[in-house]
Amino acid sequence: MALLKMKFTQQRRVRLAQGLWLLSWLAVMCGAFIFCLGVYLKTELLRRAEVMDNTEIHVVPNILMMVGLASIGTNWVASRVCQDSLDASRFPRWKVLLLAWFAVAALLCCLLIAVVVLSYALQGRLEESLKVGLRNGIRFYKDTDVPGRCFQKETIDHLQMEFRCCGNNNFKDWFEVQWVSNRYLDFTSKDVKDRIRSNVDGRFLLDGVPFSCCNPASPRPCLQYHLTDSRAHYNYEYQSEELNLYSRGCRQALIDYYMDLMNSTGPGVLSVILIQMSVLLSLRYLQTAVEGAMALENPEGESEGYLLEKDVKQTFEDCKAKVLDMLKLAQVDAAAAEVSPGAADAEKTVDNTTEKAASPTPAS
């Protein structure tokens, strides 16, 4: 028994084809939107690639770009099917291709749902990637003359100023690394010597931060050094001074930025899924209604359209049987290909024996 069966007159089929044609082009534009969304997200991730430890999060924009391009192609095909659906001479050529089209369209919907799920599931991976990447970025901040790291200082400074953040977790992360290059240290200075000797690793550590951590909203000039010493500055209290530096860490700032970006794509992606599903279901009704009219040999008569020819269980069993038959045929072909060389040799041997038996024996 057909599932969700509907009656279609010639006029209803024409209206369905026209509406589906418009919906298909809307889906094409949605595919372009999904592609552009993936490109934008990919670009934003690449801009901060130097402060990320891995690229697992890139799977989200990669899927968006792939699905966007595939959606443009599949929905363009759907628009062509709509144009040919009312022409009895041109529609039959789509009959075989439509089976593959339905499979691709269903796969695209599944991939879009996967994008929405991955946007939330990969938050932990994104956080870990930023934690390690920012830690390395801060550690290599001073290496402006080391190949491969010479732009690390510029990247970190731009990042802290753009996102109004400081350090990995907070500004105290700068206290644990030497962020001033040795080429700018006066090793004849007693203060420099004392700081280096006081450290086990021989690093120049100080309770200071780069200029990019300074908050322009602070009413006083920025204090970068001796931040933990309240006596080093006039009218300064280390525990209560909050406006002087950015208090938020860059890891949390970047996580909030990327998660807001990916979460904001969720409603748009879900809308595209609904449009894609509408195209898929409408095209199925159009296909079955037109094929029904052609089977009655009356293209202008009334026909039935449905989603599934049988119920869900029977349809699943039929698909399962077809897949098993295809696998069996593939196995039989492979076995025949393996046996054929031996059979050919045996046949050649039989032919040679027959020729020898048929040849006359020479007289003595």
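Q: Which residues touch the most other members in the largest nonpolar core?
A: A nonpolar core is a set of buried Ala, Val, Leu, Ile, Met, Phe, Trp, Tyr and Cys residues joined through side-chain atoms within 4.5 Å. Buried stands for under 20% relative accessible area, exposed for over 50%, and partly exposed for what is in between (1.4 Å probe, protein chains only). Here the largest core has 81 residues, and Trp101, Trp174, Val209 and Leu283 touch the most other members. Two or more residues come from each of several elements, including helix 1 (10-47), helix 3 (95-121) and helix 7 (250-295). Helix 7 gives the most, with 19 residues. Helices (H or I, at least four residues) and strands (E, at least two) are DSSP runs, numbered from the N terminus.

Q: Where do these values come from, and how are residues numbered?
A: The model is predicted, with local features needing pLDDT of at least 70 and side-chain atom pairs pLDDT 80 or more, while totals for chains, interfaces and linings use all residues. Numbering starts from 1 along each chain as its sequence is written, and side-chain values use heavy atoms, leaving out hydrogens and water.

Q: What does tryptophan 101 touch?
A: Contact means heavy atoms within 4.5 Å. Leaving aside residues up to four places away in sequence, Trp101 touches Thr74, Val77, Ala78, Val279, Leu280 and Leu283.

Q: How do I read an aromatic pair, say the rings of tryptophan 101 and phenylalanine 102?
A: A pair of aromatic rings is described by the distance of the centres and the angle of the planes. Rings of Phe, Tyr and Trp (its six-membered ring) pair if their centres lie within 6.5 Å; planes under 30 degrees apart are stacked, over 60 edge-to-face, and the rest tilted. That rule gives 10 aromatic pairs. For Trp101 and Phe102 the centres are 5.4 Å apart and the planes at 85°, so the pair is edge-to-face. Both Trp101 and Phe102 are buried.

Q: Which parts does the pair of tyrosine 141 and tryptophan 179 tie together?
A: This pair is edge-to-face, at 6.3 Å centre to centre and 70° between the planes. Tyr141 lies in the loop between helix 4 and helix 5, and Trp179 in the loop between helix 5 and helix 6, so the pair ties together parts 38 residues apart in sequence. Ring pairs link Tyr141, Trp174, Trp179 and Tyr225 into a cluster.

Q: Is leucine 22 buried or exposed?
A: Leu22, in helix 1, is exposed, because its relative accessible area is 57%.
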